[in-house]
Amino acid sequence: MDIFQYQGQEEDHYTHILMCILDYRNQLILPQFMKGLLPQESNDFQYSSLAIHTRTKFCPQPQKKYEFVIGIAPYESGLTSSKLEDNSGSIPDAWICGENFNLLFEFKIRGVLDEGQISAHKRLIEKEDVQVIRLTWDNVMDSLAEIETDDDVLNYLIQNFLRLKNKFRSKRRSSGMPKEIISHINKYDELYFIITGSKAHKPYKVEKVFNNRTQLIKDDLSGITLARKYIAQYVYQNKDSLPFEYIGDATVINDFCVAPGRAEKKNMWNQWRLGSFLRRSN
């Protein structure tokens, strides 16, 4: 793909540049990017035979074990469409394919996803009950920011693409809650999670603690944001068996951040709401 090829529309322009970055040097950073973007779904992805295709209506590769429609927009919620509206001619922005997966991508740089368009894209995958994963540009930028590479050209391209974040940043989040820490209170007597790691000490690990019992639940995360996303997903999936009050997106999660080599007194307690980091799929 030619990163300098004129695309005609702003939305196509930015998504084409992103795909070119991911395609560079035989998709060098694509596995890292996918693990950051889809920490749960990508666990069993096989990253051989990688290929990226843009503006192609039908999947250019045979059916695979893992197939998803992935919608990315400033807001996660989507616009409903009229039953009379025909979206059958809609063309996906990109396909990313691997040995055992095909991913259809639809990008929006303004507003929200068009649910009629998403429904039309689902019909392009020959599988019943195709799962749709709705993400925001914050998810994309976070995943890019966590990538580690010694390639100077890639680092330059990534850093310049990250500068576009304000162009895709929503004025508010779809949950109505800021994606930020709400307090720093010691909660050792409640369920909490220890996040251990730093930029100099990777990977990050997550431990669950309750009643002085500590259990390691993840040890291969590349950053603190991904650690909190993992915790949010873990809490949501195990909400019926965990010892805490679940109140949907407003559920408060406690974590204790430990940076190896840092003075112990600088390790910090944090509270944040589940909806700030939880990504649901359907």
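Modeller: A helix axis is here a line fitted to C-alpha atoms over the stretch in contact, and angles between axes run from 0 to 180 degrees, taken between N-to-C directions. The model is a predicted one. Its protein chain holds eight helices and 12 strands, and 50% of its 282 residues are buried. Of the contacts in the chain with a separation of 6 or more, 70% join residues 24 or more positions apart.

The part I take is helix H4, residues 137-145. Eight of its nine residues are buried, so H4 is largely enclosed by the rest of the structure. The buried residues are Trp137, Asp138, Asn139, Val140, Met141, Asp142, Ser143 and Leu144.

Consider H5 as a partner of H4. H5 covers residues 152-162, and its axis comes within 10 Å of that of H4, crossing at roughly 150°. Angles over 145 degrees count as roughly antiparallel, and the two helices are therefore roughly antiparallel to each other. The crossing of H4 past H5 is left-handed. On the H4 side the contact is made by Trp137, Met141, Leu144 and Ala145, and on the H5 side by Ile158, Phe161 and Leu162. By class, the residues of this contact are seven nonpolar, no polar and no charged. In an α-helix there are 3.6 residues a turn, so residues three or four places apart point the same way.

Next comes H2, residues 30-37, which packs with H4 at an angle of about 135°, the axes lying 8 Å apart. That angle makes H2 oblique to H4. H2 passes H4 in a right-handed crossing. Here Gln32, Phe33, Gly36 and Leu37 of H2 meet Asn139, Val140, Ser143 and Leu144 of H4. The residues of this contact divide into four nonpolar, four polar and no charged.

The largest nonpolar core has 40 residues, and the members that touch the most others are Ile96, Leu103, Phe105, Trp137, Leu144 and Phe161. At least two residues of this core come from each of H1 (10-27), H2, H4 and H5, and also from each of the strands E2 (66-73), E4 (94-97), E5 (101-107) and E7 (131-136). H1 supplies the largest share, six residues.

Phe161 shows what one such member meets. Apart from residues up to four places away in sequence, Phe161 touches Tyr14, Ile17, Leu18, Ile21, Trp137, Met141, Leu144 and Phe168. There is also a second, separate core of 20 residues, which includes Leu221, Ile253, Trp272 and Phe277.

Ala259 sits in the loop between strand E11 (252-258) and strand E12 (268-273), and it counts as buried at 12% relative accessibility. Beyond its neighbours within four places in sequence, Ala259 is in contact with Gly197, Ser198 and Asn267. Tyr204 is 55 residues from Ala259 in sequence, with their C-alpha atoms 9.4 Å apart in space.

Technical notes: Residues numbered from 1 in each chain as written. Predicted model: local features only at pLDDT ≥ 70, side-chain atom pairs only at ≥ 80, totals over all residues. Heavy atoms only, no water. Helix = DSSP H or I, 4+ residues; strand = E, 2+ residues; numbered from the N terminus. Parallel < 35°, antiparallel > 145°, perpendicular 65-115°, else oblique. Left-handed = near helix turned anticlockwise from the far one by under 90°. Contact = heavy atoms within 4.5 Å. Nonpolar A, V, L, I, M, F, W, Y, C, P; charged D, E, K, R; others polar. Core = buried A, V, L, I, M, F, W, Y, C linked by side-chain atoms within 4.5 Å. Buried < 20%, exposed > 50% of the residue type's maximum accessible area, 1.4 Å probe, protein only.
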